[in-house]
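Open the model in a viewer and keep the selection panel at hand. The stops below are meant to be taken in order.

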Amino acid sequence: MTKPSLPELLHAAVTAVGGTERPGQAAMADAVATAVDDRSHLLVQAGTGTGKSLGYLVPALAHGERVVVATATLALQRQLVERDLPRTVDALHPLLRRRPQFAMLKGRSNYLCLHRLHEGVPQDEEEGLFDQFEAAAPSSKLGQDLLRMRDWSDETETGDRDDLTPGVSDRAWAQISVSSRECLGATKCAYGAECFAEQARERAKLADVVVTNHALLAIDAIEGAPVLPQHEVLIVDEAHELVSRVTGVATGELTPGQVGRAVRRAAKLVNEKAADALQSASEGFERVMELALPGRLEEVPEDLGYALMALRDAARTVISALGSTRDKSVQDEDAVRKQALASVETIHGVAERITQGSEYDVVWYERHDRFGASVRVAPLSVSGLLREKLFADRSVVLTSATLKLGGDFNGVGASLGLAPEGTAGDDIPQWKGLDVGSPFDYPKQGILYVARHLATPGREGSRTDMLDELAELVEAAGGRTLGLFSSMRAAQAAAEELRGRLDRPILLQGEETLGELIKNFAASPETCLFGTLSLWQGVDVPGASCQLVVMDRIPFPRPDDPLMSARQKAVEEAGGNGFMAVAATHAALLMAQGAGRLVRATGDKGVVAVLDPRLANARYGSYLRASLPDFWYTTDRNQTRRSLAAIDAAAKAEEK
């Protein structure tokens with residue numbers, strides 16, 4: 001039998017999922033197949049509606065070697081494992097004459113821990129473990145969640161938190177899960193043979209396609225101990241998120257509360273001298289943190305340096321002592337010891353990292369209304385790490401609806417550690433950028449309106465002219481508005497103002513769960529939804545409920561953001577343009593994602609309104625506009641209002 005061609009395979013898969021074949025999808029599949037065969041790398045921008053998951057799954061499955069697919073969001077992981085992969089495998093099976101296996105793999109803390117469920121949770125204040133089911137009042141939300149999870153543990157086949165519906169709070173989940181550091185290990189644990197996390201790993205070892213998340217991919221790259229099975233092809237979907245997810249995993253944090261918990265956990269397991277030293281170091285650290293003011297620490301202050309060195313040394317002593325001291329009164333000593341060791345090792349690691357003072361790290365204080373002060377440390381850049389760990393031993397395909405910024409892929413490529421496209425050299429990963437376009441006719445379906453007449457937004461103060469403009473636009477659109485704001489304070493102020501002015505429902509992020517807000521927004525055309533960061537990329541509402549997307553200002557990072565400002569300064573010191581490389585790239589990515597909320601289907605029409613004149617007037621405005629979908633562009637406010645009113649009237653006529 002002759003080997004089936006890629007177009008045949010793609011046709012079978014698209015038919016199976018009930019989709020439509022698109023030229024962009026075919027071009028993408030062809031490019032992915034070439035990259036995989038050549039063991040080269042590909043950055044591919046595929047607009048909403050292209051069908052990009054099949055564009056990479058079909059050539060990857062046809063290739064026959066193990067593939068890891070890493071995504072940023074739970075929604076896409078679910079879509080791949082529950083919908084796209086089962087149908088695609090069924091469709092390709094007769095043609096390939098084999099049935100590829102697939103599996104989902106996440107970090108250990110995402111799975112129910114049977115040991116913790118049955119044996120209890122190590123308690124901070126007293127030795128031993130306590131039964132969390134007895135400790136929580138049955139009438140409390142926590143108690144109800146725990147009882148529901150205990151029942152669920154008898155039914156679930158995966159033990160995966162995301163399969164528990166409705167979900168539970170982080171606090172409730174923490175009672176029945178462990179981190180990889182707290183885990184006893186399958187050989188030592190009485191429940192090792194039934195362990196959900198171990199079963200997921202075993203399934204992944206046997207699978208042809210392993211679906212995971214960016215965080216686990218980062219852990220696999222950073223920690224040296226492989227978590228993912230060996231694979232020849234890596235596909236990173238939602239790749240615009242990768243750098244921030246890897247940065248998050250590589251960031252360390254210390255808080256007085258966290259240090260205090262570690263002291264309590266270790267106190268009963270080590271000799272008095274070691275316990276006292278850690279307690280004393282903890283108190284010294286707490287005193288320093290009481291005076292901490294938010295902001296970057298270009299040099300570690302002397303008092304913080306002494307406090308961290310004391311913590312580091314005391315933690316090292318406790319780690320050594322934990323290995324030898326045995327307290328006979330402690331029940332299930334291995335679990336209690338493992339949790340204590342995990343807490344103290346984290347403190348030792350972060351304290352040592354900050355006191356060593358690497359030029360490649362950024363250190364800063366943060367202050368949170370609820371949790372108090374913390375000291376944090378993050379890498380100045382993750383590009384070197386990604387270049388070394390990601391692109392060395394396999395073919396990598398990175399895809400997203402937004403990878404091409406300002407007209408090319410080099411900005412995103414640089415953040416991933418890649419030299420400009422086409423650069424030759426022995427140790428330089430070779431890659432190609434491809435934009436397969438979108439099935440949507442952006443110039444006919446959407447308008448990009450920039451309110452050029454408004455005052456330039458300042459750092460503080462109310463923007464009365466912006467709120468007036470927003471109210472007029474919402475009124476012209478008949479509601480149907482997604483408001484994307486650069487801060488929660490701005491979103492709240494706008495919601496409060498417009499609720500007083502307009503007779504339309506205004507939903508505000510934080511007043512309900514995100515899922516509930518999006519559901520209510522989609523259900524009622526007159527409704528508006530206002531919010532901040534997660535709405536810029538997390539909303540998929542095709543149809544007439546979302547015909548106006550408003551951005552209050554260009555979403556540059558805050559000038560006092562310690563990590564972003566440090567990265568900007570580093571680029572400038574190396575002779576580059578720090579503003580364009582860091583701030584403008586960050587803003588372009590968010591704006592491209594935000595503008596992408598407008599047109600989600602071929603029949604969608606509407607306006608993206610940016611209420612910041614700098615997009616029209618500033619020198620960097622053309623770079624930002626080139627990063628957005630190719631909408632018809634105008635600064636004419638009257639034309640925009642007329643267009644919105646016409647789109648609203650057409651939608652109302654259809655709703656009848």
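Start with strand S17, residues 528-531. Cys528 and Phe530 point to one side of the strand and Leu529 and Gly531 to the other, and all are buried. Keep in mind while looking that this is a predicted model.

**The sheet around S17**

S15 pairs with S17 in the parallel sense, over four bridges. To find one of the contacts in that pairing, select leucine 484, whose bridge partner in S17 is glycine 531.

Next select strand S16, residues 506-508. S16 also runs parallel to S17 in its pairing, here over three bridges. Isoleucine 506 has cysteine 528 of S17 as its bridge partner.

Now widen the selection to the whole sheet. In what order do its seven strands run? The order is S16-S17-S15-S18-S19-S14-S20, in an open sheet with parallel pairing. S16 and strand S20 (632-634) stand at the edges with a single partner strand each, so one side of each has no neighbour in the sheet. From one strand to the next, the twist averages 15°.

Strand S14, residues 446-450, pairs with S20 in the parallel sense over three bridges. Select tyrosine 449 to see one of the partners: its bridge partner in S20 is threonine 634.

Helix H24, residues 578-595, touches S15, strand S18 (548-551) and strand S19 (606-610), and its direction makes about 160° with that of S18. H27 packs on the sheet through S14, S18, S19 and S20, with its direction at about 145° to that of S14.

**Helix pairs**

Two packed helices are described by the angle between their axes and the distance between the axes.

On the H19 side, display Glu469, Glu472, Leu473, Ala476 and Ala477; on the H27 side, display Arg637, Thr640, Arg641, Leu644, Ala645 and Asp648, which they meet. The residues of this contact of H19 with H27 divide into five nonpolar, one polar and five charged.

Move to helix H13 (residues 272-290) and helix H14 (residues 302-322). The axes of H13 and H14 come within 8 Å and cross at roughly 155°. The two helices are therefore roughly antiparallel to each other. The crossing of H13 past H14 is left-handed. The H13 residues in the contact include Ala274, Leu278, Ala281, Phe285 and Val288, and those of H14 include Leu304, Leu308, Leu311, Ala315 and Val318. Of the residues in the contact of H13 with H14, 15 are nonpolar, three polar and one charged.

**Backbone checks**

Most residues other than glycine have a negative phi, and most peptide bonds are trans.

Select arginine 480, in the loop between H19 and S15. Its phi is near 50°, a positive value in a residue other than glycine. Is arginine 480 buried or exposed? At 1% relative accessibility, arginine 480 counts as buried.

Arginine 97 comes next, in the loop between helix H4 (74-96) and strand S3 (102-104). Arginine 97 is not a glycine, yet has a positive phi of about 65°. With a relative accessible area of 61%, arginine 97 is exposed.

Then select threonine 165 and proline 166, which are joined by a cis peptide bond with omega of about -10°. Proline 166 is found in the loop between helix H7 (141-155) and helix H8 (170-174).

**Two single residues**

Select asparagine 213, in strand S6 (residues 209-213). Asparagine 213 is buried, with a relative accessible area of 14%. Leaving aside residues up to four places away in sequence, asparagine 213 touches Ala70, Thr71, Gln77, Leu105 and Lys106.

Finish at threonine 346, in helix H15 (residues 333-356). Threonine 346 counts as partly exposed, at 29% relative accessibility. Which residues does threonine 346 touch, not counting those up to four places away in sequence? They are Arg181 and Gln258.

Definitions and conventions. Residues are numbered from 1 along each chain as its sequence is written. This is a predicted model: local features need pLDDT of at least 70, side-chain atom pairs count only at pLDDT 80 or more; totals for chains, interfaces and linings use all residues. Side-chain values use heavy atoms; hydrogens and water are left out. Contact means heavy atoms within 4.5 Å. Ala, Val, Leu, Ile, Met, Phe, Trp, Tyr, Cys and Pro count as nonpolar, Asp, Glu, Lys and Arg as charged, and the others, Gly among them, as polar. Axes are lines fitted to C-alpha atoms, for helices over the stretch in contact, and angles run from 0 to 180 degrees between N-to-C directions. Angles under 35 degrees count as roughly parallel, over 145 as roughly antiparallel, 65 to 115 as roughly perpendicular and the rest as oblique. A crossing is left-handed if the near helix is turned anticlockwise from the far one by less than a right angle, and right-handed if clockwise. Buried means under 20% relative accessible area, exposed over 50%, partly exposed in between (1.4 Å probe, protein chains only). Two strands pair if DSSP finds at least two bridges between them.
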